[in-house]
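Please keep the sequence and the structure in view while reading.

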Amino acid sequence: ALTGTTQGNLILEAQVDEVLSMLREGRVIARDMRTIKGRLHEMGGKWVVKYKKKLSGLLERVRARWTLRGDRQLPHRDYDPDNVYSPVATKTSHFTIFVLAVQYGLMLFCLDVSKAFMMGPIDKPGIFITIPAGFKHVPGKLPHPDFCPFGEFTTYELLCSLYGLKQAAAVYYATVRALVLAYCFADGSHFTVSPADPCVFNHGNILSNHYITFSTHIDDKFI
């Protein structure tokens, strides 16, 4: 119904950007079904479209996410049922950071990580997903070199986490934790995890000039 309309063109443009970014950023890789050994199980998904608006109410941009269907995922085959949850910082941790910032005159930042659940590498190899709707090969036509290089036999192997994946939150937290703890400052020091909250990371002493603390609540960060 939206084909040929301005809204339909904006949605299509957002979907093309999403699929191209999945391929070019190495989140998925196109594979030939005929070369895959064993039974192939493809995980399906659906398009989730959101309209980002300015404060004035005018449309800023259209965002499309290919989201995997959680109801089609099976434990042990597609994910580890013991590793699907991610801890989040408590309200007490957030409020403590706010109080410290006010009391000691510290700079306070709020960050939002874009495409957060697409950052971490997949924790289970051999997961395949269907070609996103609208990009599958149409019989009788030449295969698209980017989307379907193997024509009707094209499938996507998942290399990174995607939205809708059961373990997406757990993979993201593990990725962020590993990156933060591995970072080394010029003096050789590192971040440490708060013993009171696994989602609060600290560096330095609050009375020094090089104190950093931040909490993480999924893709939101208070620094």
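## Secondary structure and overall build

In this predicted model, the protein chain contains three helices and eleven strands.

Taken along the principal axes, the C-alpha atoms of the protein chain fill a box of roughly 70 × 50 × 35 Å. Among the contacts between residues at least 6 apart in sequence, 66% join residues at least 24 apart.

## Burial, surface and charge

The protein chain has 223 residues, of which 38% count as buried. Its accessible surface comes to about 13400 Å², and carbon and sulfur atoms account for 58% of that area.

## Two loop residues with positive phi

His76 is a residue other than glycine with a positive phi, near 75 degrees, and its place is the loop that runs between β4 (59-68) and α2 (91-104). With a relative accessible area of 60%, His76 counts as exposed, because the cut-off for that class is over 50%.

Lys115, likewise a residue other than glycine, has a positive phi near 55 degrees, and it is found in the loop between β5 (110-112) and β6 (128-129). Is Lys115 buried, exposed or partly exposed? Its relative accessible area is 25%, and Lys115 is therefore partly exposed, since buried means under 20% and exposed means over 50%.

When the whole structure is searched for cavities of 30 Å³ or more, one is found. The largest cavity has a volume of about 60 Å³.

Which element gives the largest share of the lining of this cavity? Helix α3, which spans residues 168-182, supplies five residues, and this is the largest share. The lining as a whole is made up of Ser86, Pro87, Ala169, Tyr172, Tyr173, Val176, Arg177, Phe201, Thr216 and Ile218.

Conventions. Residues are numbered from 1 along each chain as its sequence is written. This is a predicted model: local features need pLDDT of at least 70, side-chain atom pairs count only at pLDDT 80 or more; totals for chains, interfaces and linings use all residues. Side-chain values use heavy atoms; hydrogens and water are left out. Helices (H or I, at least four residues) and strands (E, at least two) are DSSP runs, numbered from the N terminus. Buried means under 20% relative accessible area, exposed over 50%, partly exposed in between (1.4 Å probe, protein chains only). Contact means heavy atoms within 4.5 Å. Accessible areas come from the Shrake-Rupley method with a 1.4 Å probe; for residues, only the protein chains shown count as cover. On a 1 Å grid over the protein atoms alone, a cavity is a set of points where a 1.4 Å probe fits but cannot get out, and a pocket is an open set with protein on both sides within 12 Å along at least five of seven lines; lining residues have an atom within 4 Å of a point. Grid points are joined across faces, edges and corners, and a volume is the space filled by probe spheres set on the points.
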